[in-house]
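Here's a quick briefing to keep beside the viewer.

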Amino acid sequence: MSFLPNRNLVLVVDDDRGILRSMKRLLRQHGYDSVLFSSAEAFENHGDFENAACIILDINLNDGLSGIELRHGLKAAGIYAPVIYITANDNPAVHAAALQSGCLACLTKPFAANLLIESLKRASTGLT
């Protein structure tokens with residue numbers, strides 16, 4: 001039996017707790033449920049990725065893995081949930097690597113909320 005993802009569930013991985021609080025508030029204001037992770041390890045231990053409409057990954061995490069590496073790990077495990085990257089790193093090589101990994105968007109912090117929400121709408125309607 002195949003289950004459809006929850007089109008309102010967003011998984012967010014960022015090592016900055018302030019960003020996580022802000023993201024939770026923003027997502028709730030726009031009708032999205034969220035599960036927050038402050039580390040790559042916590043995210044990997046979650047295990048239930050297929051029910052998410054989208055995964056928001058910080059590229060530069062403090063615990064050894066990057067968001068891009070997490071994305072590659074998901075793909076290797078056969079999990080293809082849409083990904084949006086967020087990063088404070090505006091290096092063109094980082095953005096190119098993010099885009100090559102197959103993301104929906106790569107947003108540089110601070111980013112306009114509407115850019116994130118528009119990307120989420122594309123993910124939740126299946127227009128990736």
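This is a predicted model: local features need pLDDT of at least 70, side-chain atom pairs count only at pLDDT 80 or more; totals for chains, interfaces and linings use all residues.

Residues are numbered from 1 along each chain as its sequence is written, and side-chain values use heavy atoms, with hydrogens and water left out.

**Helix H1 against helix H5**

- Helix H1 (residues 17–29) packs on helix H5 (residues 113–124) at about 60 degrees, and their axes are 11 Å apart. Helices here are DSSP runs (H or I, at least four residues) and strands likewise (E, at least two), numbered from the N terminus. Axes are lines fitted to C-alpha atoms, for helices over the stretch in contact, with angles from 0 to 180 degrees between N-to-C directions.
- That angle makes H1 and H5 oblique to each other; the label covers whatever is left once you take out roughly parallel (under 35 degrees), roughly antiparallel (over 145) and roughly perpendicular (65 to 115).
- On the H1 side, Met23, Leu26 and Leu27 meet Ala113, Leu116, Ile117 and Leu120 of H5, where contact means heavy atoms within 4.5 Å.
- Sorted by class, this contact has seven nonpolar residues, no polar ones and no charged ones. For that count, Ala, Val, Leu, Ile, Met, Phe, Trp, Tyr, Cys and Pro are nonpolar, Asp, Glu, Lys and Arg are charged, and the others, Gly among them, are polar.
- Leu26, in helix H1, counts as buried at 14% relative accessibility. The cut-offs are under 20% relative accessible area for buried, over 50% for exposed, and partly exposed in between (1.4 Å probe, protein chains only).
- Leu26 touches Ala113, Leu116 and Ile117, leaving aside residues up to four places away in sequence. The C-alpha atoms of Leu26 and Leu116 are 9.6 Å apart, although 90 residues separate the two along the chain.

**Nonpolar cores**

- The largest nonpolar core has 23 residues, and Leu11, Phe43, Ile55, Leu57 and Tyr85 touch the most other members. A core is a set of buried Ala, Val, Leu, Ile, Met, Phe, Trp, Tyr and Cys residues joined through side-chain atoms within 4.5 Å.
- Two or more residues of this core come from each of strand S1 (6–13), helix H2 (40–46), strand S3 (52–58), helix H3 (67–76), strand S4 (83–87) and helix H4 (92–100).
- Ile55 touches Leu11, Phe43, Leu74, Ala81, Pro82, Val83 and Ile84, again not counting residues up to four places away in sequence.
- Apart from that core lies another, of 18 residues, including Leu27, Tyr32, Leu120 and Ala123.

- Arg71 sits in helix H3 and is buried at 4% relative accessibility. Beyond four places in sequence, Arg71 touches Leu57, Ile79, Tyr80, Ala81, Val83, Tyr85, Ser101 and Gly102.
- Ser119 belongs to helix H5 and is buried, with a relative accessible area of 5%. Its contacts, not counting residues up to four places away in sequence, are Ile84, Leu104 and Ala105.
- Gln100 in helix H4 is exposed, at 70% relative accessibility.

**A cis peptide bond**

- Going from Lys109 to Pro110, the peptide bond is cis, with omega near -10 degrees. Pro110 lies in the loop between strand S5 (105–108) and H5.
- For context, most peptide bonds are trans.
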